[in-house]
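Trainee: I'd like to learn how to read a model like this one. Can we go through it feature by feature?

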Amino acid sequence: MEETKMLQQIMRHMDDLLRGTDPVSGEALSEDSVLLREDLVRCFRYVSRTIRRELGDTDEICQEAESQKPAELSAFMEETARSLGMTGYSNFLPSAARGWLRWEGYLARGRNEDGAARTPADSVTPKGAGIGLSQSEQDEKGKPVILCDSRAQDLLRKRVDLILAWERTQWEPLFRILTAEWRSHIACSAGPRALLPIVKQINSRLPKDLPRHFNGQRVNLWMMRNGFLEYCYNNTKRYFCPTWKGKEIGLVLEKKYIYWTTAAQQFLLDHLETIAQDMASGDAYRIPAVLDQLKNVEEVRAHMQYSARELSVYDLEVRINRALIWAKSGACRLPHGVLLGWLRQKGFCDMQAQRGFMKKVLIVTASGHEAGFRMEKGLVRIDEAAQHFVLNELEDIWAFYYRLEHGE
């Protein structure tokens with residue numbers, strides 16, 4: 001009995017050390033403590049597992065082994081970003097975390113021996129190994145994968161505010177440049193342009209040694225967060241479309257590509273500082289979640305304006321979104337293309353190869369005709385009975401939309 005109690009006490013002390021806690025005082029060990037050395041941590045883990053096996057605590061052994069399994073640094077920080085609502089740009093927090101870890105001395109950036117222009121790989125320093133960082137074999141790009149065990153994960157969770165604060169400091173040199181005088185030297189083109197050459201033109205006016213520059217994808221996310229862009233769908237492919245606010249400032253959609261008129265280019269220049277501020281804080285990537293806000297479904301159906309004449313899929317989407325607004329169903333909206341994708345999933349429509357056409361064309365299937373759908377001049381037409389059917393399936397349509405958003 002006494003021996004069992006002694007083993008249990010030793011096991012508790014080993015577990016405390018594995019968690020980075022002083023077994024005597026209960027306080028967190030300092031980051032430079034010798035007890036956090038990687039070789040000692042392996043010893044503590046071995047002793048803890050051996051005692052558990054001696055005590056017959058096999059379930060705890062399995063749970064402990066799983067909890068001690070290191071995670072990839074990038075994947076762990078992406079998950080942390082999602083928990084903070086930063087769903088728009090998955091690489092923002094992982095990139096900021098790597099920069100902060102290098103700044104703190106936990107990681108070190110190597111050098112390209114062959115003189116290549118690629119970004120050098122990071123390596124774990126002894127200080128980084130002390131907090132639970134390690135590296136595995138090279139990935140498909142030839143760079144080692146940085147891993148973080150439970151201790152490193154816990155430290156990173158507690159240091160998220162510091163990581164974000166460090167990221168903001170990297171944008172401060174850019175903030176000092178973005179003055180009205182500097183913007184006056186960038187000329188807007190007379191005709192519409194795509195975003196990429198506009199961003200390249202802006203970055204060409206910035207010093208090359210700045211820690212941060214503008215990025216087309218991040219600008220699009222800022223525009224989406226502020227209601228100028230939204231997602232549309234073609235089958236399961238997602239692309240940006242201008243909203244009515246976006247069209248008002250001069251955004252034009254042409255063959256799934258957005259072009260910026262002179263007025264839209266000037267709008268971008270006038271808001272560069274705000275965009276940079278939101279990029280630095282991560283707010284630009286906090287895309288509002290609309291999928292979980294579908295509510296008052298019966299009121300949506302009650303406010304729906306059905307038509308005795310046939311409607312196109314686009315017209316029906318417009319009427320559904322109007323009903324969502326009238327029913328005060330949160331901020332949710334049915335993006336263009338989701339309804340057609342749902343009809344294809346249900347087997348009412350399909351893509352079929354036809355003679356004389358190089359690409360497959362959209363058709364209404366036999367079950368679609370029975371349900372009240374038909375094709376006319378390349379458009380799916382929906383009769384009144386089918387309109388009621390679609391509204392009755394609104395929850396299922398939203399579930400389909402959810403799967404599209406999450407890549408399921």
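**Starting from one side chain**

Mentor: Let's start with a polar contact (a pair of N or O atoms within 3.5 Å; within protein, one must be able to donate a hydrogen and the other to accept it, and residues adjacent in sequence count only if both atoms are side-chain atoms). Here the side chains of Gln-170 and Thr-169 are joined by one of 3.3 Å. Keep in mind that this is a predicted model, where local features need pLDDT of at least 70, side-chain atom pairs count only at pLDDT 80 or more, and totals for chains, interfaces and linings use all residues. Residues are numbered from 1 along each chain as its sequence is written, and side-chain values use heavy atoms, with hydrogens and water left out.

Trainee: Is Gln-170 buried or exposed?

Mentor: Buried means under 20% relative accessible area, exposed over 50%, partly exposed in between (1.4 Å probe, protein chains only). Gln-170 has 18% relative accessibility, so it counts as buried.

Trainee: Where does Gln-170 lie, and which residues does Gln-170 touch?

Mentor: Helices (H or I, at least four residues) and strands (E, at least two) are DSSP runs, numbered from the N terminus. Gln-170 lies in helix H8. Contact means heavy atoms within 4.5 Å; setting aside residues up to four places away in sequence, Gln-170 touches Pro-211 and Arg-212.

Trainee: What order do the strands of the open sheet take?

Mentor: Two strands pair if DSSP finds at least two bridges between them. The 3 strands run S10-S14-S13, with antiparallel pairing. S10 (311-312) and S13 (373-376) are at the edges with a single partner strand each, so one side of each has no neighbour in the sheet. S13 is joined to S14 (residues 379-382) by 4 bridges, and Arg-374 stands opposite Arg-381 in S14.

Trainee: Which element has the lowest mean pLDDT?

Mentor: pLDDT is the predictor's confidence in each residue, from 0 to 100. Helix H3 (residues 58-67) has the lowest mean, 47, while the mean for the protein is 80.
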